[in-house]
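Colleague: I am new to this structure and would like to learn how to read its features. Please take me through them one at a time.

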Amino acid sequence: MSHQHQLTFMVPFPPPFPNVSPGQGGSVYSPDRNDVLSGRGSQVNNHEGNIQFRALISEWKPAYNAYNIANLEKTHICAEIVARIRTMQPPGRFLQFDERLRAWLEIGDLKARKKAGQALRQKRHEECIGVSRTPSKPSKKGSEKSPACVAEASRGQVGESPHSSGASSVSTIP
């Protein structure tokens, strides 16, 4: 499933309008196979919908991380990934567990798109700062950085957060 997607948008064009609101559909006590679960742990990571989500992310990464792509085009890529999950049979939802209700709730299109964008950036960011998802395994690439990593580093964006003093932090999205 190694499709490379190429987008040809005519700029300017509006950002996609969100169709699903947070909490829409009420409480979900048993997620379906196409639902994408937010959170941590093996239950979330190994859920069939999350596996399908990661496969879509892998398909779209080359287009999303192309050096000449505009931010608005990236927004459309994220919206396309969310739309593909939502149009599966049965329709996929983006769910987060609510401890108070002891049920899963829809996070809505805006958070789902942010989740997709973070997942699309994740590996590139980890490679740039030298972090591995499995810290016990040594990197196969050595210390060579990609041109995108070098460009990010020159702009001072790698591993920096507006809330930190340059310390690196990486969050994992299943």
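Modeller: Start with a network: salt bridges link Asp32, Asp35 and Arg93. This is a predicted model, in which local features need pLDDT of at least 70 and side-chain atom pairs count only at pLDDT 80 or more, while totals for chains, interfaces and linings use all residues. Residues are numbered from 1 along each chain as its sequence is written, and side-chain values use heavy atoms, with hydrogens and water left out.

Colleague: What is a salt bridge, and to how many does the count come?

Modeller: A salt bridge is a side-chain nitrogen of Lys or Arg within 4 Å of a carboxyl oxygen of Asp or Glu. By this rule there are 6 salt bridges.

Colleague: Which residue forms a salt bridge with Glu106?

Modeller: Arg86 does, and the closest N and O atoms are 2.8 Å apart. Arg86 belongs to helix H3 and Glu106 to strand S3 (residues 103–106), so the pair ties together parts that are 20 residues apart in sequence. Helices (H or I, at least four residues) and strands (E, at least two) are DSSP runs, numbered from the N terminus. Arg86 also forms a salt bridge with Asp109, where the closest N and O atoms are 2.7 Å apart. This pair links distant parts of the chain, with Arg86 in helix H3 and Asp109 in helix H4 (residues 108–129), 23 residues apart.

Colleague: Are Arg86 and Asp109 buried or exposed?

Modeller: Buried means under 20% relative accessible area and exposed over 50%, with partly exposed in between (1.4 Å probe, protein chains only). Arg86 and Asp109 are both buried, and Glu106 is buried as well.

Colleague: Which residue forms a salt bridge with Glu99?

Modeller: Arg102 is the partner of Glu99, with the closest N and O atoms 2.7 Å apart. Arg102 is exposed because its relative accessible area is 53%. Glu99 has 55% relative accessibility, so Glu99 counts as exposed.

Colleague: How many bridges join strand S2 to S3?

Modeller: Two strands pair if DSSP finds at least two bridges between them. Strand S2 (residues 94–98) is joined to S3 by 4 bridges, and the two run antiparallel. Phe97 stands opposite Trp104 in S3. The hairpin of S2 and S3 has 4 residues between the strands, and Arg102 takes a positive phi near 55° there.

Colleague: Where is Glu80?

Modeller: Glu80 is placed in helix H3 (residues 71–86). Its relative accessibility is 30%, so Glu80 counts as partly exposed. From C-alpha to C-alpha, Glu80 and Arg113 are 8.9 Å apart in space and 33 residues apart in sequence.
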